[in-house]
Amino acid sequence: AMQDREALLAAAAERMEAGLEIVGATGIEDKLQVGVAETIVGIRNAGIKLWVLTGDKLETARNIGYSTKVLSDEMSIMILDIGSGA
């Protein structure tokens, strides 16, 4: 078994990861880190769905979204704004 260890490990990982659904959440606060846009592009290219929920002002959220490539011109963007209630 030690001769084919790498192949056996790869096969075991493939069996374990079949049909796997990963759900995660993260928060971003303050300054954005270097490489955020490239990381988000990689996430999208891997077929991972990315959702954003923010309490920022709409203009701020859009600017950050486009600069980090979370948003693109090809997307259908939905905005839920219930206003201030005043």
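**Contacts around one threonine**

Guide: Leaving aside residues up to four places away in sequence, Thr68 touches Leu32, Val36, Ala37 and Ile40. Please keep in mind throughout that this is a predicted model.

Visitor: Where does Thr68 lie?

Guide: Thr68 lies in the segment after helix 3, the helix that covers residues 58-67.

Visitor: And is Thr68 buried or exposed?

Guide: Thr68 counts as buried, because its relative accessibility is 5% and the cut-off for buried is under 20%.

Visitor: What does the side chain of Thr68 reach at 3.3 Å?

Guide: At that distance the side chain of Thr68 reaches the backbone oxygen of Gly65.

Visitor: Which residue has its C-alpha 8.8 Å from that of Thr68?

Guide: That is Gly35, which is 33 residues apart from Thr68 along the chain. Gly35 is found in the loop between helix 1 and helix 2, the latter being residues 36-45, and with a relative accessible area of 24% Gly35 is partly exposed.

Visitor: Which glycine with a positive phi follows helix 1?

Guide: Helix 1 is followed by Gly19, whose positive phi is near 75°. Helix 1 itself takes in residues 5-17, which is 13 residues, and from its first C-alpha to its last it reaches 18 Å, close to the 18 Å expected at 1.5 Å a residue.

Visitor: Zooming out, how many helices and strands does the chain have?

Guide: The chain comes to 3 helices and 0 strands, and from the N terminus on its elements run α-α-α.

Visitor: How much of the chain is made up of buried residues?

Guide: Buried residues make up 9% of the 86 residues in the chain, and Thr68, at 5% relative accessibility, is one that counts as buried. The accessible surface of the chain comes to about 8300 Å², and carbon and sulfur atoms hold 56% of that surface.

Visitor: Which residues make the nonpolar surface patch?

Guide: A nonpolar patch of about 410 Å² is made by Leu58, Tyr66, Met75, Ile77 and Ile79. Of these, Tyr66 is found in helix 3, and Tyr66 is partly exposed, with a relative accessible area of 36%.

Visitor: What about contacts across the sequence: what share of them joins residues 24 or more positions apart?

Guide: Among contacts in the chain with a separation of 6 or more, residues 24 or more positions apart account for 47%.

Note on methods:
Residues numbered from 1 in each chain as written. Predicted model: local features only at pLDDT ≥ 70, side-chain atom pairs only at ≥ 80, totals over all residues. Heavy atoms only, no water. Helix = DSSP H or I, 4+ residues; strand = E, 2+ residues; numbered from the N terminus. Buried < 20%, exposed > 50% of the residue type's maximum accessible area, 1.4 Å probe, protein only. Polar contact = N/O pair within 3.5 Å; in protein donor to acceptor, adjacent residues only side chain to side chain. Contact = heavy atoms within 4.5 Å. Areas by Shrake-Rupley, 256 points an atom, 1.4 Å probe, with all protein chains shown as cover. Patch = residues over 30% accessible without salt bridge, like charges linked within 9 Å, V, L, I, M, F, W, Y side chains within 5 Å. Salt bridge = Lys/Arg side-chain N within 4 Å of Asp/Glu carboxyl O. Expected span 1.5 Å × (residues − 1).
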